[in-house]
Amino acid sequence: MLHYLDAKRPAPQPTRRTFLKLSAGALGGLLVGAVLPQKGLADTASGAVVTPFVHITPDNRVIVLSKHLDKGQGTATGLATLVAEELDAAADQVEVEFAPSNPELYKNFLFGLQGTGGSTAMANSFDQYRQAGAVVRAMIVAAAASEWGVSAGDIAITNGVVSAGGNSATLGELSALAAAQEPPAEVTLKSPEDWVYIGKDFPRVELPMKTRGSVGLFGMDAQPEGGLVAVTARPPRFGATLASVDATAALALDGVEAVLEIPQGVVVVATNTWTAMQGREALVLDWAAGSGETRGTDALLAEFRAALDAPGLPSHPRGDAATKLAQAAQVIEAEYVFPYLAHAPMEPLDMTVLYDGQSATFWGGSQIQTLDHGTAAAVLGLDFPQITINTRWGGGSFGRRASPDGHLAAETAMIGKAWLDAGNTARPIKLVYSREDDIRGGYYRPMAVHRVRAGLDAEGNISGWEHRIVSQSIFTGTSFESFVVQDGVDHSTVEGISDTTYAIPDMHVDVHHPKVGVPTLWWRSVGHSHTAYVMETMMDELAIAAGRDPVEFRLAHLAGDARLASVLRLAAEKAGPTGPEGTHRGIAVHKSFNSYVAEIADVRIRDNGTVKVEKVTCGVDCGVPINPDNINAQIEGGLGYGLSAILREEITMVDGEVAQWNYPDYTPLRITDMPEVEVHIVRSDEAPTGIGEPGTPPIGPAVANAVFRATGTRIRELPFTRHGLA
Amino acid sequence: MQLMINGEPREIDANPDMPLLWVLRDELKMTGTKFGCGVASCGACTVHVNGEATRSCQALIGDLEGANVTTIEAIDTPAAKAIQAAWVELQVPQCGYCQSGQIMSASALLSETPKPSDDDIDAAMEGNLCRCATYARIRRAIHRAAEIMEA
C-alpha cells in the first residue's frame, strides 16, 4: 500500500505578511503605479497582445484570464466587466479563460495564494482588473498614435473601435502593433461617472454555452485522449481502516483495468464510469471493526449539549453580561441545534490527472489552485513547475471545491501514482465522485449547538447577552489557522455574534470546539449559516417580549451601523405593510462578507401544515454594484440555498455511518418551494464587497420568525422537517 | 443496438445494462448530458427519447433498440429554441451544470403545452434540481419562451 507523503513538500503557507488589506474606496480617477506585472509580450507568431490578465488577438477577441474560479457566481463576467470598462471593448468580443496556477501572478490578495472563496473575488480584483484593462488600452492607444501619426490624446475607443480623425480600426487590427508597445508604468482609471459597463447588467460571458450543454466547460466533462475513469471505495466511517479486500470479481469485469489500494480507500480504474462503478460494487471489503469515528449524531449531540454547562473559550467579551442579566426586567433563554450539512453541488467532485513519473497535468474545478498544486507536488514528489493545473468551470461549489487539505487533489495524485507504480503506461485518469460519495463523504458544515440568555431592561432595550456555542473548529489545523483562530477560538464559529453591530455593550460569548472525527468545511456563508439564525430569531423574540415592532426594535439597536440599518429600512419600505393575502411576515438582517442584506419573508402555511415561502423582499448593500442583475441572481440563489437547508437538509450518523445516501433522502429545494424574490440594491459608491454568500444567512431566521407569527412555535432545532413543517 | 441519436443512426456496442447516460458521455463522448445523481432524482441527465423527457441515467441502452434520442447538443425544436433564447435573455444559469436537463425538461413541456400555467411548470420541472436555486428565473423564462413561441 502507498502512503501519503504528507508534508514532504508542504503547500505554501500564507502568512500574515501576505494577508494584504485592500485599500477601500479607490473608485476611479485614480493614478496607480504599475503595481502589477503587466509586461506586454509580443506574440510574434500570432500578433496578439499578451499580458498576464488580458490578451487581445488579431481576430479581435479580448481574452480575460480569470484568476478566480467561477462556480456559478458570475465571477468571470465580473472580471470581464472590469477589463472591458477600462479597455472600452465591446461586450460581445470579451471571453474569459481561467489563468494557470501561478501564485506569484494570480494570488488572491486576501489569502496570499491563488484561490477563490469568502465572497472575495470582486473586492480583491476591482482595482487589479481595471488596471489590467487600462494597461492594454494604453498599449492600443500608443499603437494607433504611432500608426496614424496622431497624438494619444486625440484617440478615442468606443465599443471596441479605435478612432482618431478619419482613421479607425478594431482592437484586433491594432493588436500586433500594440504588442510591441511598452506597457505604461502607471495608468489613470476612469471616474465612476464615465463608466459604461460597471453598474449595468453586463451579460454573463458563458451563458450561451450553458444553454447548449456547456460542452468542455466542467471538470466532469474533461475527456483527454485515452482517458480512464476511477472511483474509490471509501471507509463507511470517517477514519476507518481497511482490514482486507478481495478484488477478484471486480477485476473479472470487462473494462476494469486495475484495482489500486491507496490510503483513501480502494480504487477501481476502468474504461468508463459505469464499469468503474460496477467494479466498485463487486469489491468485497472488510473494514477494521471499531476503527474510525464510531459515534452517531445522537451521541454527539448529547455530548455537545453537556458541554453547554461548562464555560468555554471567550470571544471578545465586553461589559458585564452576568450582572446585567441578573438585573434585567426580562430574560429569554433558548437552545438551538443545527445539523451537519452537505454542500451537494450539482457537479459531484471530480479531478483528472495525467502523471508520467516526471510531470503531471490536472484538470478540474480547482478552487484553491495553490493548495491543490502544492498537495499534488507533495504526493508525487515533483517540483511546482513540473505540474500543470487546468482549471475548469465549477458546476457549483458552495465551498466544497475548496478544501484546506487539498484532499481531492491528493487522492487524484495518489491514483495517478499508484497506477504508474503498478507498472502501467501513463494515461489520463479521471476520479469521479458518485452522488453517494458526495453526500456520505464528509467535509460538512459542522453541527452546532447554541445556548443564549438575553435580557431586556425596563425600557425594552437589550441589557446583557450570554451566548455559548459548541461546534467543531473548521480552521484549526489548516494552513488558514493563523488568519482565523485566535486564543483557541475559531472566528468562523462566532462570526455574526461576538462581532455583532447591534448595541449590546454587555456581551459574553464563549465557545467549545469538540474533537470529532467528522471532516468539516466552510459551507456557503460559513458560520453565518447558523449564527445569523440565532441572532435574528432572538432579536425577534426580544422585540416581541419588549412589545416593540421588530423593524423598529432592530433599528433602535443599530445606531452604530448605518449601512445595516439602511438595508433594513429599504427592504421594509419596499415590502409594504403586509404581504400577499394569507401570509405571515418575518424579517431578518445580517452583515456577512462585508455586505449588508435584509430579507423580509412572507410565508403561508399550507393545508397540510407545511411552510410555503411566497415572497422574499430584499435590501442589499454590497458597495458599488458592479452587475446589478448578477447581484439579484446571487441573492435569489443564496437565499434559495439557505431556505433549502432550513427546510429539509441534515446529515445524520448512526454509529458513525452516514444515514443519507443521495438526493432522495438528502433533499434540496425544488422549484415548487422557491419563493418569488424581489431585490433592491443600495446605489453605493463604497468599494465592492461579497455577494456569493451574504444572501444565505438571513433567510432562515426571516422564515422562522414568520412561522412563529403563523403558528406560535419557535423552531430552534433544524431542519423544519423535524417539526412537520416541511 | 441500433438507435437514432440526434437524427443519425448509431450502432452501439456496449453492455445492454449500461445506462444511456454513460453511453452518451463515455462511449460517444457527448458530454452535454450531465451526471448528477444516477438515481433519476435530479434530472441533470434528461434527454428526449421519442420526444419524451427521460432520465438517461435510468434508461438502459438494451431497452432502446430503435429509439429516437435527442440530446442538448442537437435539440432544435421551436420550443427548444425559444427556451434557449429565453434562458439567455433572463440570464437563468448560474453554475449551469443542471441546465442541460432543465432545458430538455422545459422544451418537452413547451412542445406539449405551449402556454403552461405555474402548476404545469411545477409538475414538469419538479424533478429537475438546481442547487444554485435558479428556479424563479426558470419559471419566468418558461413563460417568456411561451411568448416567444407565440410571436
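The legends below describe close-up views of a predicted model.

**View 1. The contact between chain B and chain A.** Chain A contributes 62 residues to the contact and chain B contributes 50. About 4400 Å² is buried between the two chains, with 59% of that area on carbon and sulfur atoms. Of the area that chain B buries against chain A, 20% is supplied by B:Q94, B:Y97 and B:R131, more than by any other three residues.

View 2. Five salt bridges are found across the interface of chain B and chain A. A:D221 and B:R25 form a salt bridge, and their closest N and O atoms are 2.9 Å apart.

**View 3. The side of chain B that touches chain A.** Two or more residues each come from α1 (20–27), α2 (78–89), α3 (99–112), α4 (118–125) and α5 (135–150) of chain B. The largest share, five residues, is that of α5(B). By class, this side of chain B has 25 nonpolar, 13 polar and twelve charged residues.

**View 4. The largest nonpolar core.** This core has 227 residues, of which A:W465, A:V703, A:F720 and B:I142 touch the most other members. Helix α3 (residues 121–148) of chain A provides the largest share, 15 residues. Beyond its neighbours within four places in sequence, A:F720 is in contact with residues including A:Y533, A:V611, A:I646, A:L647 and A:V703.

Terms used
Residues are numbered from 1 along each chain as its sequence is written. Chains are lettered from A and ligands numbered from 1 in the order in which they are written. This is a predicted model: local features need pLDDT of at least 70, side-chain atom pairs count only at pLDDT 80 or more; totals for chains, interfaces and linings use all residues. Side-chain values use heavy atoms; hydrogens and water are left out. Contact means heavy atoms within 4.5 Å. Buried area is the accessible area (1.4 Å probe) that two parts lose on being put together, summed over both. A salt bridge is a side-chain nitrogen of Lys or Arg within 4 Å of a carboxyl oxygen of Asp or Glu. Helices (H or I, at least four residues) and strands (E, at least two) are DSSP runs, numbered from the N terminus. Ala, Val, Leu, Ile, Met, Phe, Trp, Tyr, Cys and Pro count as nonpolar, Asp, Glu, Lys and Arg as charged, and the others, Gly among them, as polar. A nonpolar core is a set of buried Ala, Val, Leu, Ile, Met, Phe, Trp, Tyr and Cys residues joined through side-chain atoms within 4.5 Å. Buried means under 20% relative accessible area, exposed over 50%, partly exposed in between (1.4 Å probe, protein chains only).
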